[in-house]
Amino acid sequence: MAEPRTPSEPAPTSGQPLEADVLRQILRSPGYLKTLVLCALIGIPVSLTAFWFLVGLHELEHVLWADLPSALGLTDPPWWWPFPLLLVAGTVVGLVATHLPGAGGDVPGAGLHTGVTAPAALPGILLAAAAGLPFGAVLGPEAPLIALGGGLALLFRDLSRAPATPRGLALLGAAGSAAAIAAIFGNPLIAAVLLIEVAGVGGPQLFVVMLPALLSSGVGSLVFTGLGRWTGLDTGDLSLKLYAPLPRLDAPDVFYAVVIGAAFAVAVYPASAVARVVAGWVAGRPLVRTVLCALGAAACAALYALVTGRSPAEAALSGQAALASLAADPYVWGVGALLALLLFKGAAYALCLGGLRGGPVFPALFLGAAAGVLLAPLPGLGIAPAMAAGMAAATAAVLRLPVSSVVLVVLLLGSPAMMPVVILAVVVAFVVTELLPVGGAAPASAPAGG
């Protein structure tokens, strides 16, 4: 006997196709299958282009910050080194934003965006990235890569003379962006998850559903871990046994993960507000004010070098290379150096988010990891869970993409051992960030077509 249907449940309509039937119809349609084949083919040139673009950025950064000082007889870049480099960066980005189609891409303070980028905007986007990122802008390459992938996808679609439909363009843009972004993160999974959240698939309902699911799964994982430890019984799992496992989580780690998540959301709020105000201010006179933002970031890096006696490169650039160094030997930085790093690199980050071009991911990861190292001596915490919670909370507070933040940090750690701490920090940071009031002028997003 069938169970009675509650009044809130909609009655099934016999003439309405089920979701599975709709999916089969889409998959069997010749247009969709052709789009899949085209997306697979597009992934090859997009990945190759993204690879060589990243290689070029990396090599240019090495030349400017290592080879050139060495050629001048300097062991490390002197404290004043960021000024001429970021002066060039600010001038070129300002000229691109003023004169070229697409204005060099979206303002990074507005967050990551997907969509099809007009091919005419690609030269300006690539030039702004090449002039800003290796020269010391505290930004990452992920936003230019997303635009590069979407723009190349549209270009190849035009060359192949494939039919232009709204759904086809959206699919090609997403495929191209995912192929490009996978190059920087080194993993197709994070590229797919990031594109799903950035594109807003499911709208606000996605976050409404995913936050409870994330939180419940994180708490459930802690319960399973605790029961397995207390009882000595095993339920079986699919995890691999690593040679050097991360430490087991305990109650202080859970407590600190919640505290770190809330604290990071509150700490990131002023930087986000400054970035929004700076973006609105720069929009009035892009050339001059972009240069001033770049020089402000240079001053932050120079002050860091003067205060700590360390290289100004640590407070400039995206932090991608420094993150690996910090993870390998976190005790190289003293307490004073870490505090100065958070202060000066955080200020430079806010200026670059509002005035230059690039992505917000890697500086957030590095600042979160540095703060985690600073908090690690707290009773019962430790380096691994502190860095995991710090990176997770900072990424979630900046990107406002909870699932992507969890996947990204777990993949960086190379083990799911810290996943409960990561999830708790992400959920708390995301919720607190969304509950804080939005202040300042909203950063303007450059039109993709010019």
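Leaving aside neighbours within four places in sequence, W281 is in contact with R289, L292 and C293, where contact means heavy atoms within 4.5 Å. This is a predicted model, in which local features need pLDDT of at least 70 and side-chain atom pairs count only at pLDDT 80 or more, while totals for chains, interfaces and linings use all residues. Residues are numbered from 1 along each chain as its sequence is written, and side-chain values use heavy atoms, with hydrogens and water left out. The chain holds 16 helices and zero strands, both taken as DSSP runs numbered from the N terminus (helices: H or I, at least four residues; strands: E, at least two).

- W281 lies in helix α9, which covers residues 251-284.
- W281 counts as partly exposed because its relative accessibility is 38%, given that buried means under 20% relative accessible area, exposed over 50%, and partly exposed in between (1.4 Å probe, protein chains only).
- The C-alpha atom of W281 is separated by 8.7 Å from that of G354, although the two residues are 73 residues apart along the chain.

**Cysteines**

- A disulfide is a covalent bond between the sulfur atoms of two cysteines.
- The structure holds zero disulfides, the criterion being a pair of cysteine sulfur atoms within 2.5 Å.
- C293, one of the contacts of W281, has its closest cysteine sulfur in C352 at 8.0 Å, which is too far for a bond.
- The sulfur of C300 also has its closest cysteine sulfur in C352, here at 8.5 Å, and this too is too far for a bond.
- C293 counts as buried because its relative accessibility is 3%, and C300 counts as buried at 11%.

**Salt bridges**

- A search of the whole structure finds two salt bridges, each defined as a side-chain nitrogen of Lys or Arg within 4 Å of a carboxyl oxygen of Asp or Glu.
- One of them joins the side chains of R310 and E314, with an N to O distance of 2.9 Å; R310 is partly exposed, with a relative accessible area of 23%, whereas E314 counts as buried at 14% relative accessibility.
- In the other, the side chains of E434 and R400 meet at 3.7 Å, N to O.

- The 15 residues of helix α13 (residues 361-375) should span 21 Å at 1.5 Å a residue, and the end C-alpha atoms are 21 Å apart, which agrees; the expected span is 1.5 Å times one less than the number of residues.
- Because 13 of its 15 residues are buried, α13 is largely enclosed by the rest of the structure.
- A369 is placed in helix α13 and is buried, with a relative accessible area of 0%.
- Apart from neighbours within four places in sequence, A369 is in contact with L323, L326, M387, G390 and M391.
- A369 and A392 are 23 residues apart in sequence, and their C-alpha atoms are 8.8 Å apart in space.

**Helix α14 and T395**

- T395 is found in helix α14, which runs over residues 383-399, and T395 counts as buried because its relative accessibility is 0%.
- Again setting aside neighbours within four places in sequence, T395 is in contact with A364, L365, R400, S405, L408 and V409.
- R400, named among those contacts, also takes part in the salt bridge with E434.

**Surface and whole chain**

- V37, L41, I44, L48, F51 and W52 form a nonpolar patch on the surface, with about 660 Å² of accessible area together; L48 is placed in helix α2 (residues 30-71).
- Patches are made of residues with over 30% relative accessible area and no salt bridge, with like charges joined within 9 Å and nonpolar side chains (Val, Leu, Ile, Met, Phe, Trp, Tyr) within 5 Å.
- The chain exposes about 21,200 Å², of which carbon and sulfur atoms supply 70%; accessible areas come from the Shrake-Rupley method with a 1.4 Å probe, and for residues only the protein chains shown count as cover.
- Of the 450 residues in the chain, 44% are buried.
- Among contacts between residues at least 6 apart in sequence, 79% join residues at least 24 apart.
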